[in-house]
Amino acid sequence: MLDIDGVHFKDDTGRTVLLRGVNLSGDTKQPGRPDLPSHLSDDFYESADTCSFVGRPFPLDEADDHLLRLKSWGYNIVRYVITWEAVEHAGPGKYDEEFIDYTIQILKKCREHNMYVIMDPHQDVWSRFSGGSGAPFWTLLLAGLNARHFHITEAALIHSESDDKHNFEKMIWSTNYHRLAAATMFTLFFAGRDFAPHANVNGMNIQDYLQTYFTNAMSHFAGRIVEAGLADDPVIGWETLNEPNLALISHENLGIIPKSQELRKGTVPTQFQSMLLGMGIPCTVDVYDFGGFGPKKTGVKTVDPKGLRAWLSPEEVAKADKKYGWKRDERWEMGTCIWAQHGVWDTTTKQLVKPQYFRYTPKGEEITTDSFLETYFREHFRVYAGGIRAEHGSAILFCQPPVMAPPPHFVNTPEAVDRLVYTPHYYDGLTLMNRHWNPRFNVDVMGIMRGKYSSPIFAIRVGEKAVSRNCLKDQLNMIRREGLENMGSIPCFMSEIGIPYDMDACYAYKTGDFSSQLGAMDANHYALEGSGMNYTLWQYSPSNVHEWGDNWNREDLSLWSRDDMVDRETNGTSMSRKRRTESGLESPASTDSEGDSSDIALKKPLRSRFAEDNEGYNDGARALRAFVRPAPIATAGTCCTWSFDLRTRTFEFAFIADPTITAPTEIFFPELQYSEHARVEISSGRFEVDRERQVLSWWSEGGGEQKIRVVEAVGQAGNLRVKKRSGAGWCCPPCVVM
């Protein structure tokens, strides 16, 4: 069983384990029956109760291929994406046991391939029906919301309802967090008792109803995993709700766009304007674009819902109540805005009455991000953690606060439970929003958000070293330090980080030149290594294609794509030599170690020893050389530092050895980076390389600091050149190459 010792994960031999893997997968955000990628509208609402997520993230008969691919890339963990909708779409308390059974079969495959698994109850902007993923359709009905009118009222922007689905603006989905539907649902989920005291159903406030059913669904799933004998191996634990959001809670003034709302793209209504639009009232709202220096206002636009409301009529509510067995508080008026009912604004005068309604608790206490974390978020964590631990007592709890928010203060509190991990997310915002990698310009966003600079101009980083080597690393180090300060001496696990592959208007897909993706991915990994992070990349999507990306809101972050495979049987096309080179499938004719990371040559590409096709499991991978890199996967002691220079293919690692551990230090030693001529220098002991497993095992001698350095170099064919420090000189001990 994987254990926790301070900031480290430990295996049963006492070695420090570095968790490196991927999210598996964004495909599970949407049902498989019917198959509904976000751009399709057929049966979108009609199948809400009857859909099935069986077959996600991939068919069972494809599991071995996908998992072998991930294993060959050196990964030892997957963050397994599930949604509340997948479990409980049919109605409150009605669990899809077929889907759970199917997931258990995939988890058994993960165990066969020695993969650790974290279960991720995923969501984006609350639900599929509010433009993202996560909660079942019935939760919106419970709140009295009419999802069929979300798009026209801009209560949420829905890909399948856009006029031009191919040009649905990328990342516009994320602005739904600041629109009526998601803002209302998250406020009710975390703080309904305080801000919607009339919203009671079946004798409980909507806050308690939503949290209870969500926790019960995930706890039921955890119990089924335990019954299947999969607790701890492979399922080591559960994460809290993905990317929770404060929504309206702590909002300073509903009539303005707060400075803290950095995410501004497309139409950007104030929260009050969102409420007006939700009642069918036209509004003229600001329009923003996101550029190299962040959001910039470009104009205004009048949004006209044509009298349609984002709220269900009393008759529609009555129908839903009968279907799901709900009895509502008589004070809860249907067919109108829930916030108007609670005095926030007047539907007759159309005036904002309480602009700071969500800024203070009913007791008059001011709410900030910090106080949200210490109250509403902490309360939910207690409920959720208790539910999971009641079923899986040894589960590691991966605690995830809102994106880019500081972690909650758990030190010396009841929430400081054992086997707890801080689980932040991080994306390079400029690259993600602009779909462009600039190796010589970036911004220290974390520093700005934490008030590190008197002016944002001081947060600008210019020059390749400052951007590619330091800017992202400094931000990840800040995130890790905050975790230690607020949550205590516990591990930090970055459960999402990644890059868009459709950069520069999909230039790589047209030319085969993935140099921008290589540079961006390398910079992200340099930051992860420099901050000592455990991580899972977002993401691996088995269904990714160039036309629709990850098949969800035009995102395209998958490490692998069917459309980047060579000689695909599906269409008979063949990838150009340039694309094969940039993807790491062929060796370039020459090496330029001084050039950009895209110029790195491959001495010996990895060919399949697992699959029948001659390109192996690297086929279809994108910017492969940047993420298949050496790393200490099991260390006989305490890790100090490690790094990998992609240009020179130099790996360096230092650790403090524990002489009581007899098992060797194991380093992922990718054949993609190192041929049989690799030069290995160790401070003591001996090592062996298993080329089949791509693992270097090192038995160091004694305690104290130990170091290893590996670089690709010409040597005697069939051997690894080894150097061992011995006094003032060097000697070459024997080694074994398997």
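Ala, Val, Leu, Ile, Met, Phe, Trp, Tyr, Cys and Pro count as nonpolar, Asp, Glu, Lys and Arg as charged, and the others, Gly among them, as polar. By these classes, the lining of the second largest cavity has nine nonpolar, two polar and two charged residues.

The structure is a predicted model, in which local features need pLDDT of at least 70 and side-chain atom pairs count only at pLDDT 80 or more, while totals for chains, interfaces and linings use all residues. Residues are numbered from 1 along each chain as its sequence is written, and side-chain values use heavy atoms, with hydrogens and water left out.

## Cavities and a pocket

Rolling a probe the size of a water molecule over the atoms shows where empty space is left. On a 1 Å grid over the protein atoms alone, a cavity is a set of points where a 1.4 Å probe fits but cannot get out, and a pocket is an open set with protein on both sides within 12 Å along at least five of seven lines; lining residues have an atom within 4 Å of a point. Grid points are joined across faces, edges and corners, and a volume is the space filled by probe spheres set on the points.

A search of the whole structure finds seven cavities of 30 Å³ or more. The largest cavity holds about 90 Å³ of space, and its lining consists of Gln30, Ser38, Phe44, Arg128, Gly131, Gly132, Ile158, His159, Ser160, Trp552 and Asn553. This lining of the largest cavity divides into three nonpolar, seven polar and one charged residues. For the second largest cavity the volume is about 70 Å³. Its lining has 13 residues, of which Met404, Ala405, Tyr422, Pro424 and His425 lie nearest the centre.

The second largest pocket contains about 840 Å³ of space. Lined by 30 residues, this pocket has Lys71, Asn76, His113, Asn114 and Arg693 closest to its centre. Two or more lining residues come from each of helix 1 (63-72), helix 3 (97-112), strand 21 (631-635) and strand 24 (665-668); helix 1 gives the most, with three residues. Helices (H or I, at least four residues) and strands (E, at least two) are DSSP runs, numbered from the N terminus. By class, the lining of the second largest pocket has 13 nonpolar, six polar and eleven charged residues.

## Helix packing

Axes are lines fitted to C-alpha atoms, for helices over the stretch in contact, and angles run from 0 to 180 degrees between N-to-C directions.

| Helix pair | Angle | Axis distance |
|---|---|---|
| Helix 6 (180-195) and helix 7 (206-227) | about 110° | 6 Å |
| Helix 7 and helix 11 (369-391) | roughly 25° | within 8 Å |
| Helix 14 (464-487) and helix 16 (515-530) | about 45° | 8 Å |

Angles under 35 degrees count as roughly parallel, over 145 as roughly antiparallel, 65 to 115 as roughly perpendicular and the rest as oblique. With an angle of about 110°, helix 6 is therefore roughly perpendicular to helix 7. Contact means heavy atoms within 4.5 Å. On the side of helix 6 the contact involves Met185, Leu188, Phe189, Phe190, Ala191, Gly192 and Arg193, and on the side of helix 7 Ile206, Gln207, Asp208, Leu210, Gln211 and Phe214. The class count for this contact of helix 6 with helix 7 is eight nonpolar, three polar and two charged.

Helix 7 also packs against helix 11, at roughly 25°, so helix 7 is roughly parallel to helix 11. A crossing is left-handed if the near helix is turned anticlockwise from the far one by less than a right angle, and right-handed if clockwise; the crossing of helix 7 and helix 11 is right-handed. Among the contacting residues are Phe214, Met218 and Ala222 in helix 7 and Val383, Tyr384 and Ile388 in helix 11. Their contact comprises seven nonpolar, seven polar and two charged residues.

Helix 14 and helix 16 are oblique to each other, and their crossing is right-handed. The contact of helix 14 with helix 16 has six nonpolar, four polar and three charged residues.

## Backbone geometry

Most residues other than glycine have a negative phi, and most peptide bonds are trans. A cis peptide bond joins arginine 56 to proline 57, with omega about 5°; proline 57 belongs to the loop between strand 4 (20-24) and helix 1. The bond from aspartate 233 to proline 234 is likewise cis, with omega near 10°, and proline 234 is in the loop between helix 7 and strand 9 (235-239). Glutamate 243 has a positive phi, near 45°, and lies in the loop between strand 9 and strand 10 (266-268).
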